[in-house]
Amino acid sequence: MAQIEQSDKGKKKKGAQKKMSIHVDFTPMVDMNMLLITFFMLCTTMIKSQTLNIALPSNEKVEQAEMNKAKDSEAVTLILDAERSANGEVKPGAGTVVYYYEGKPILQDGVDVNKVNDAQGVQSNLAATQFLGNENKVPQGIRKILHDKNVKVLERIEEQKAKWRNKEITEDEYQKIAREIRNDSTLTRPVVIIKATPDASWESVITALDEMQINQISRYQIDQMNHLDSMMIFGYRTSQGLANIKK
C-alpha cells in the first residue's frame, strides 16, 4: 500500500507548495510473487532430456554352444574410422570409414597371426564402406549390409507397422509386438560388434547406434579394438594402395 505523508517541518512561506513524501509498502507483493512462482512451476512443461535408447543385453543365460553358433553365422563386426587432417579435424568429404567383416576373421592361407609384425599387415575378409543411408528408399552402405542380415525381422515388423498405420492395432500394441519380434530367437538375427579406432569420432559411434535402431537390431555391443583388428585394417589399406596407411 502507498502512503502520502505531508511535511510540516519549518515555517511555511506564503504561497509555497506543500511538500509531500510518498512511501510505498511492497510487503503485500511478496505474497503475490510467491503465488506467481507457484503458478508457473505447476503449469510450465519442463523440457524433456534427449536421450538415446539402447537395447541392453537380457539377463537370460545363454549356452556356450549357442553363443559360438551366433558368432560364426550371425556376427557382424564394425570398425569405425575417419580420415583426419593435420589439425585433427575430420577431412571434409571423407567422412567416417566403416570397416566390417562377417563371422570370424578369415586370414589368408599360411598366415600366423602371432608372427605378423606391425609393418606387414594381414590380408583378410575385411571390407570397407560408409554410412550412406537410403537412396530412393533403398538402403546403401553399411545400412544395406545390416538390413540384409536382419531382413526377416524387418519384414515381420513392417507387417505390424502397416496394421498400425491402418489403425488395426494401437501404437502400444505395435511397440509390444515389435519388441517380441526383435527378441524372437526362432528368427535369424545378427549380433553386431561395434569397435572404433582412435581416429573415430563420437558422432560416428552415435551414428552406428542409430543404425541399430533403424535396422531393428536388438543384439549389439561396443567392444575394444585388438591387435588383429589393427593389422587387418593395415593389410586392407596396403592392398588398396591407400595413402597415409595407418598402423
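This is a predicted model: local features need pLDDT of at least 70, side-chain atom pairs count only at pLDDT 80 or more; totals for chains, interfaces and linings use all residues.

User: How many helices and strands does the secondary structure of the chain have?

Analyst: Helices (H or I, at least four residues) and strands (E, at least two) are DSSP runs, numbered from the N terminus. Here the chain has seven helices and nine strands.

User: What share of the residues counts as buried?

Analyst: Buried means under 20% relative accessible area, exposed over 50%, and partly exposed in between (1.4 Å probe, protein chains only). By that cut-off, 29% of the 247 residues are buried. Areas come from the Shrake-Rupley method with a 1.4 Å probe; for residues, only the protein chains shown count as cover. The accessible surface is about 18,000 Å², and carbon and sulfur atoms hold 53% of it.

User: What part of the contacts comes from residues 24 or more positions apart?

Analyst: A contact means heavy atoms within 4.5 Å. Take the contacts with a separation of 6 or more: 66% join residues 24 or more positions apart.

User: At what angle do H4 and H5 pack?

Analyst: Axes are lines fitted to C-alpha atoms, for helices over the stretch in contact, and angles run from 0 to 180 degrees between N-to-C directions. Under 35 degrees is roughly parallel, over 145 roughly antiparallel, 65 to 115 roughly perpendicular, and the rest oblique. Helix H4 (residues 151-165) meets helix H5 (residues 171-182) at about 170 degrees, with axes 10 Å apart. The two are therefore roughly antiparallel. H4 contributes Val153, Arg156, Ile157, Gln160, Lys161 and Trp164 to the contact, and H5 contributes Glu171, Tyr174, Ile177, Ala178, Ile181 and Arg182.

User: How many residues of each class make up that contact?

Analyst: Ala, Val, Leu, Ile, Met, Phe, Trp, Tyr, Cys and Pro count as nonpolar, Asp, Glu, Lys and Arg as charged, and the others, Gly among them, as polar. The contact has seven nonpolar, one polar and four charged residues.

User: Now the charges. How many salt bridges does the structure hold?

Analyst: Side chains of opposite charge can pair when their charged atoms come close. A salt bridge puts a side-chain nitrogen of Lys or Arg within 4 Å of a carboxyl oxygen of Asp or Glu. The structure holds six. One of them joins Glu74 and Arg219, with the closest N and O atoms 2.5 Å apart. Glu74 sits in the loop between helix H2 (64-73) and strand S3 (75-82), and Arg219 in the loop between helix H6 (202-214) and strand S9 (220-222), so the pair ties together parts 145 residues apart in sequence. Glu74 is buried at 17%, whereas Arg219 is partly exposed at 25%.

User: Which parts of the chain does the pair of Glu102 and Lys149 link?

Analyst: Glu102 and Lys149 form a salt bridge at 3.8 Å between the closest N and O atoms. The pair links strand S4 (residues 96-102), which holds Glu102, to helix H3 (residues 141-149), which holds Lys149, 47 residues apart. Glu102 is partly exposed at 40%; Lys149 is buried at 19%.

User: Where do Asp148 and Lys144 lie?

Analyst: Both lie in helix H3, four residues apart, about one turn of the helix. Asp148 is partly exposed at 43%, and Lys144 is partly exposed at 41%.

Methods. Residues are numbered from 1 along each chain as its sequence is written. Side-chain values use heavy atoms; hydrogens and water are left out.
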